[in-house]
Amino acid sequence: MNGANLADGDLVDLLGRWASGRGPLYLLLAARLRALIDDGVLPPDQALPPDRVLARRLAVGRGTVVAAYDLLQQEGRVVRRQGSGTRVAALELPATRAADGVAANPLLLHILHPPDGVQLLTCAAPDDMPEAMFEAYEEAGARLAGTRDLGYQPAGNPALRTALAAYYTGRGVPTTAEEIMVTTGAQQALTLLAGLLVAPGDTVLTEAPTYPGALEVFRHAAAVVRPGTAENLRERPALGYFVPTSRNPDGAVMDHPARRRLAALAAEHDVPLIDDEVCAELCFTGGTPPPLASFERGEHLITVGSLSKLVWGGLRVGWIRAAAPLVSRLSRLRAVFDLGGEVFSQLAAVALLRRLEEVRAARVRTLRRRHDHLCAELRERLPSWEFEPALGGQTIWVRIPHGDVESFAQVALRHGVAVPPGRSFDPLGGHADRMRLHFLFPEDELSRAVNNLAVAWAIFDGTERPVSRHTLVV
């Protein structure tokens, strides 16, 4: 479709029955436009109809269109400028299509189609597999030998559910296997929880900054995502989402009094609260802090975890720890989609949990060494950039002294480094002067990345036009 020739009626036809769902009209309109943009039907730089024109064609108030456009602008999917109207945001990489002609989702480009010769600081997951993982798969194979089982287990393999229940019980949260559900990574866990607990138009409270994969899940559920603190739980959102330990993107760790306060407010105001512990075992000092569920008992506290950051990104084993009735409902929902996860990896996860301390200690030693190396390189090569050392996790949160990171990211990409802009981590599109840098690469690769960033920074004057739509950030 030629963007310059898109008629208002053409867009109305493309929108179809956009208002047939549940929830506020502006969220339904934004959701349909988002799908058209992400599927490539509305291409980069496509001009969209003016607010009043589209409102008249759709028989809605102008405020509905304005609110939908503004939401998409916050997400980086459209650009609105005085005098030039609203256009679909351009991509930092060319759009591609699969062999079947289906447009690749632009949010997935760096994962589906990694650019050649570019160091991807957009994806924070380990690519080096510990020896223990291979041994765990050998053990899983031996365990499966001679077994006769259909393998359809929507709630997860019983052995892994039992092992995870013991893991949480050992951390001060008495847990039974019925309170555990195994998922295909933590991303599926968040998607299932949002599908069950969030209706279109509901408010979801998150931190800012926070994990952008969660923001995408909540937006897909047509929720209104609001940033806030524990005190905002008094407003009784439909769901709260917090990352108290080794937070993505800044590696922060919430202290015990703050955890107790957060859990207490969720209980007091009866707000379902997700405690994302995907990076919880990656703290640099001391032991692993207690989950929020250790401070309060009740159905409102939900814990999500995964082995993807501790072991390997390709080990797609995650889980939900929640009240048994909620796990039962989630299992029924999950059965509609895939009847359960792959059993072989789940049995390997049982073996890995048994060696958790060994695996964790080795991973943390490596991460701490690379973290210190990255911080030293940044202080030497880019002394004007500001950051706080991480207390855990895999990433640091960096502020540039002038310009915005979306603009700088274009320059950095031309110098062989892809960086995720801070707007991806903010529900309202703030933190434009921030970026997340991971320290998963070996030291020589980190040095090369910082060198290329320094070269890009030396020629960046802060005026380059931001033209990118965000890649998926993990």
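Residues are numbered from 1 along each chain as its sequence is written, and side-chain values rest on heavy atoms, with hydrogens and water left out. Since the model is predicted, local features need pLDDT of at least 70 and side-chain atom pairs count only at pLDDT 80 or more, while totals for chains, interfaces and linings use all residues.

The protein has a mean pLDDT (the predictor's confidence in each residue, from 0 to 100) of 89, and 90% of its residues reach 70 or more. Residues 93-108 are a stretch where pLDDT stays under 50. For these residues the model has 33 contacts (heavy atoms within 4.5 Å) beyond four places in sequence.

Returning to Trp385, and leaving aside neighbours within four places in sequence, its contacts are Leu378, Val398, Arg399, Ile400, Pro401, Phe408, Met435, Leu437, Leu453 and Trp457.

Two helix pairs show how the elements pack. The axes of helix H2 (residues 25-38) and helix H4 (residues 62-74) come within 8 Å and cross at roughly 50°. Here axes are lines fitted to C-alpha atoms, for helices over the stretch in contact, and angles run from 0 to 180 degrees between N-to-C directions. H2 passes H4 in a right-handed crossing, the term for a near helix turned clockwise from the far one by less than a right angle, with anticlockwise giving a left-handed crossing. On the H2 side, Leu25, Tyr26, Leu27, Leu29, Ala30, Leu33 and Arg34 meet Thr64, Val65, Ala67, Ala68, Tyr69, Leu71 and Leu72 of H4.

The second pair joins helix H6 (residues 131-144) to H12, with axes that come within 8 Å and cross at roughly 120°. H6 and H12 are therefore oblique to each other, and H6 passes H12 in a right-handed crossing. Among the residues making this contact are Ala136, Tyr137 and Ala140 of H6, together with Phe344, Leu347 and Ala351 of H12.

Arg219, in helix H9 (residues 212-220), is buried, with a relative accessible area of 7%. Not counting residues up to four places away in sequence, Arg219 touches Arg34, Glu75, Val225, Asp426 and Pro427. Ser331 lies in helix H11 (residues 324-337) and is likewise buried, at 12%. Beyond its neighbours within four places in sequence, Ser331 is in contact with Pro154, Ala155 and Met181. Ser331 and Gln153 are 178 residues apart in sequence, yet their C-alpha atoms are 8.9 Å apart in space. By contrast, Arg17 sits in the loop between helix H1 (8-15) and H2 and counts as exposed, at 72% relative accessibility. The C-alpha atoms of Arg17 and Leu282 are separated by 46 Å.

Finally, the backbone holds some details of interest. Most residues other than glycine have a negative phi, and most peptide bonds are trans. The peptide bond from Ala208 to Pro209 is cis, with omega near 5°, and Pro209 lies in the loop between strand E6 (203-206) and H9. Ser246, not a glycine, has a positive phi of about 50°; Ser246 is in the loop between strand E8 (239-242) and helix H10 (256-268) and is buried, with a relative accessible area of 1%. Asp270 also has a positive phi, of about 55°, in the loop between H10 and strand E9 (273-276). Asp270 is exposed, at 54% relative accessible area.

How values were computed: Helix = DSSP H or I, 4+ residues; strand = E, 2+ residues; numbered from the N terminus. Buried < 20%, exposed > 50% of the residue type's maximum accessible area, 1.4 Å probe, protein only. Parallel < 35°, antiparallel > 145°, perpendicular 65-115°, else oblique.
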